[in-house]
Amino acid sequence: MRPNFEDIFSVTGKTVLVTGGSRGIGEMIAAGFLAADAKVYISSRNESACAETASRLEETYGGECIPIPADLSGLDGVRHLAAEMAERESGLDILVNNAGASWGGSIDEFPEAGWDKVMNVNVKSVFFLIQKLLPLLRAAGTEHDPARIINIGSVDGLKSSRFDVFSYGASKAAVHHLTRFLAAHLTREHINCNAIAPGAYPTKMLASGFGGRMDDTLWKTFGDANPRGRVGTPEDIAGLAIFLSSRAGAYVVGEVITSDGGVVGTS
């Protein structure tokens with residue numbers, strides 16, 4: 001049979017949910033899917049920020065970007081988001097679990113609250129949101145075009161961070177391994193599960209380690225230390241997510257793919 005390479009990277013018409021989609025890497029991924037003619041839902045804890053981002057992305061890229069505010073730090077917010085999606089859609093093609101939290105503190109003074117908050121948002125909510133959305137994912141996935149779950153991990157789950165973010169690094173390592181567990185259980189149900197481990201991208205979370213300032217000088221500092229000589233761009237992270245969601249990525253299962261300019265791969 002002759003291979004069909006037509007539209008091999010297309011996600012046109014697919015329905016996507018990006019958690020933590022109002023800013024940072026989540027917004028970058030949502031923008032990429034919108035530009036690629038997918039229907040995109042974004043969620044975030046901040047209702048006004050969620051609505052503002054959705055409106056701005058629609059204006060910039062066209063298509064449909066629907067905001068669903070949800071606090072994913074607890075199961076009530078997870079259930080709310082899943083219920084809202086079930087009311088609106090009969091299937092979900094792509095779930096991007098990007099919502100995350102971090103906490104910095106010295107090893108001697110790191111608080112229990114900083115451990116629990118990060119683990120709840122970064123690991124617990126990822127598992128239970130997938131659980132609650134399984135009916136929609138199962139409905140969307142087929143043998144030739146499986147539904148996709150993309151969990152956003154971090155290079156801090158693959159190597160030690162320069163910052164004292166103990167629970168964050170541990171949580172992202174857990175997300176990476178949870179991805180493999182989920183793939184082992186869901187692949188035969190036509191649901192592919194993979195993870196992306198981003199490195200330095202120009203986000204508020206990264207800037208928080210430097211007092212919250214976000215400017216070209218900070219990004220240049222990170223870029224100069226990177227093998228690629230720069231920080232990541234929206235095209236980098238969105239392109240990888242779209243690849244994993246398209247026909248081109250349909251045979252990629254249970255992988256943790258770094259998007260870090262070579263920091264992990266060359267160390």
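Student: Is Phe 110 buried or exposed?
Tutor: Buried. Phe 110 has a relative accessible area of 18%, and the cut-off for buried is under 20%. Keep in mind that this is a predicted model.

Student: OK. How many aromatic pairs does the structure hold?
Tutor: The structure holds 2 aromatic pairs. One of them joins Phe 110 and Phe 166, with 5.8 Å centre to centre and 85° between the planes. That pair is edge-to-face.

Student: Where do Phe 110 and Phe 166 sit in the chain?
Tutor: In distant parts, 56 residues apart. Phe 110 is in the loop between β4 (94–97) and α4 (112–140). Phe 166 is in helix α5, residues 166–186.

Student: And how does Phe 166 count for accessibility?
Tutor: Partly exposed, at 34% relative accessibility. Phe 110, its ring partner, is buried at 18%.

Student: What about Phe 127 and Phe 128, what geometry do they have?
Tutor: Edge-to-face. Their ring centres are 5.0 Å apart and the planes stand at 85°. That angle is over 60 degrees, so the pair falls in the edge-to-face class.

Student: Which accessibility class do Phe 127 and Phe 128 fall in?
Tutor: Phe 127 is partly exposed, with a relative accessible area of 33%. Phe 128 counts as partly exposed too, at 24%.

Student: Switching to charges. How many salt bridges does a search of the whole structure find?
Tutor: The search finds 10 salt bridges. One of them pairs Lys 14 with Asp 145, where the closest N and O atoms are 2.7 Å apart.

Student: Where are Lys 14 and Asp 145 in the chain?
Tutor: They are 131 residues apart, so this bridge links distant parts of the chain. Lys 14 is in the segment before β1 (15–19). Asp 145 is in the loop between α4 and β5 (147–152).

Student: Is Lys 14 buried or exposed?
Tutor: Buried, at 10% relative accessibility. Asp 145 is partly exposed, with a relative accessible area of 30%.

Student: What about Asp 76, which residue does it bridge to?
Tutor: Arg 79, with the closest N and O atoms 3.3 Å apart. Both residues lie in helix α3 (residues 75–88). They are 3 residues apart, about one turn of the helix.

Student: How do Asp 76 and Arg 79 count for accessibility?
Tutor: Asp 76 is exposed, with a relative accessible area of 62%. Arg 79 counts as partly exposed, at 43%.

Student: Next, Arg 138. Which side chain does it meet in a salt bridge?
Tutor: Glu 189, at 2.5 Å from N to O. The pair links distant parts of the chain, 51 residues apart. Arg 138 is in helix α4, and Glu 189 is in the loop between α5 and β6 (191–198). Arg 138 counts as partly exposed at 39%, and Glu 189 as partly exposed at 31%.

Student: Last one. Which residues form the positive surface patch?
Tutor: Arg 23, Arg 45, Lys 117 and Lys 204 form it. Lys 204 lies in helix α6, residues 204–207.

Terms used:
Residues numbered from 1 in each chain as written. Predicted model: local features only at pLDDT ≥ 70, side-chain atom pairs only at ≥ 80, totals over all residues. Heavy atoms only, no water. Patch = residues over 30% accessible without salt bridge, like charges linked within 9 Å, V, L, I, M, F, W, Y side chains within 5 Å. Areas by Shrake-Rupley, 256 points an atom, 1.4 Å probe, with all protein chains shown as cover. Salt bridge = Lys/Arg side-chain N within 4 Å of Asp/Glu carboxyl O. Lys, Arg positive; Asp, Glu negative; His and termini not counted. Charge placed at Lys NZ, Arg CZ, Asp CG, Glu CD. Helix = DSSP H or I, 4+ residues; strand = E, 2+ residues; numbered from the N terminus. Phe/Tyr/Trp six-rings, centres within 6.5 Å; stacked < 30°, edge-to-face > 60°. Buried < 20%, exposed > 50% of the residue type's maximum accessible area, 1.4 Å probe, protein only.
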